[in-house]
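Subject: Structure handover and notes

Hello,

My notes on what was found in it follow.

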Amino acid sequence: MTSKTVSEAQALWGESREAARAARRTRRRMLLIAVAIMLVVGLPFLEGFIDGFLHRPRAPLPRPMPQVAAVVMLIVAGIVTWRNWRETDEMQRRLAIETWAMIGVANFVLHPLLTIIGAQTGQADFEDYSWGVSVMIGLAFYVIRRVRS
Amino acid sequence: MQEEVEMKNRLKVLRAERNWSQAELAGRLDVSRQAVNAIETGKYDPSLPLAFRIGRLFDMPIEEIFDDEQDGE
């Protein structure tokens with residue numbers, strides 16, 4: 001008969017390895033977020049810097065009121081979503097995630113389709129309707145799933 | 001490829017034994033009544049933390065409440 005004694009240090013080895021992996025994962029995620037922010041914010045800044053350096057004409061500034069209204073709407077939508085998210089349970093959260101996914105997939109399919117239709121029928125910016133239609137599809141999906149459950 | 005397993009559970013029976021409404025059970029589990037109804041009817045499989053909460057509430061192991069119908073195959 002054989003027996004194997006596992007020391008406390010050996011027993012903790014797995015835990016320390018897992019903790020090190022978790023720390024590495026966290027560092028990688030933080031780095032990814034930092035790189036994404038740098039790309040989104042940094043590239044337009046760099047483009048503007050190069051344009052200025054080459055004395056290219058300045059692009060006209062966007063009209064402030066629609067921009068401010070859009071930012072306010074986004075902030076309000078974010079706060080409402082965050083508050084609702086905290087008050088819901090796991091099933092409702094899953095349904096919300098599935099609804100957002102449905103909106104995204106519908107838009108992914110509709111946008112190129114409407115672009116082609118718009119080009120063929122000579123209608124300008126016809127693809128802009130894809131977001132509205134996608135949201136309607138997502139809401140219909142939500143209502144059907146909600147009623148069925 | 002693994003087939004999707006249909007889960008059965010005894011939540012409705014256990015709730016009836018205690019004479020609780022769906023709303024009452026939902027309140028004890030801190031979930032919505034719709035979630036309780038969806039779990040009872042097999043339309044939604046609870047997460048592991050919620051399954052543990054259900055087990056603790058009824059003072060039973062999870063496998064006595066939920067059955068994946070894999071036994072005897």
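The largest nonpolar core in this predicted model has 11 residues in all. Chain A supplies Met91(A) and Leu95(A), and chain B supplies Leu11(B), Leu25(B), Val31(B), Ala35(B), Val36(B), Ala38(B), Ile39(B), Tyr44(B) and Ile54(B). Two elements give two or more residues each to this core: α3 (90-121) of chain A and α3 (33-40) of chain B. The largest share, 4 residues, comes from α3(B). As a general remark, nonpolar side chains in soluble globular proteins tend to be buried together.

Helix α3 of chain B

The buried residues of α3(B) are Ala35(B), Val36(B), Ala38(B) and Ile39(B). They lie on the same side of α3(B), because the arc they cover around the axis is only 165 degrees. What do the buried residues of α3(B) pack against? Their partners are α3 of chain A and, within chain B, β1 (8-9), α1 (11-17) and α2. After α3(B) comes Gly42(B), with a positive phi near 75 degrees.

Gln22(B) is a residue to look at alongside this helix. Gln22(B) is placed in helix α2 of chain B, and its contacts, not counting residues up to four places away in sequence, are Arg33(B), Val36(B) and Asn37(B). Between the C-alpha atoms of Gln22(B) and Gln34(B) the separation is 8.5 Å, with the two residues 12 apart along the chain. Is Gln22(B) buried, exposed or partly exposed? Gln22(B) has 18 C-beta neighbours inside 10 Å, so it counts as partly exposed; 20 or more would be needed for a buried residue.

The contact between the chains

Chain B puts 10 residues into the contact and chain A puts in 5 residues. On the side of chain B that touches chain A, α3(B) gives the most, with 4 residues. Sorted by class, that side of chain B consists of 5 nonpolar, 4 polar and 1 charged residues.

Positive phi in chain B

Asp30(B) has a positive phi, near 60 degrees, although the residue is other than glycine. Asp30(B) sits in the loop between α2 (22-29) and α3 of chain B. Asp30(B) counts as exposed because it has 10 C-beta neighbours inside 10 Å, where the limit for exposed is 12 or fewer.

Asp59(B) is not a glycine either, and its phi is positive at about 55 degrees. The loop that holds Asp59(B) runs between α4 (48-57) and α5 (62-65) of chain B. With 6 other C-beta atoms within 10 Å, Asp59(B) is therefore exposed.

Chain A

How many helices and strands does chain A have? Chain A has 4 helices and 0 strands, and from the N terminus on its elements run α-α-α-α. Of the 149 residues in chain A, 4% are buried. If one takes the contacts in chain A between residues at least 6 apart in sequence, 56% of them join residues at least 24 apart.

Regards

Definitions and conventions
Residues are numbered from 1 along each chain as its sequence is written. Chains are lettered from A and ligands numbered from 1 in the order in which they are written. This is a predicted model: local features need pLDDT of at least 70, side-chain atom pairs count only at pLDDT 80 or more; totals for chains, interfaces and linings use all residues. A nonpolar core is a set of buried Ala, Val, Leu, Ile, Met, Phe, Trp, Tyr and Cys residues joined through C-beta atoms within 7 Å. Two residues are in contact if their C-beta atoms, placed from the backbone, lie within 7 Å. Ala, Val, Leu, Ile, Met, Phe, Trp, Tyr, Cys and Pro count as nonpolar, Asp, Glu, Lys and Arg as charged, and the others, Gly among them, as polar. The arc is that of the directions from the helix axis to the C-beta atoms.
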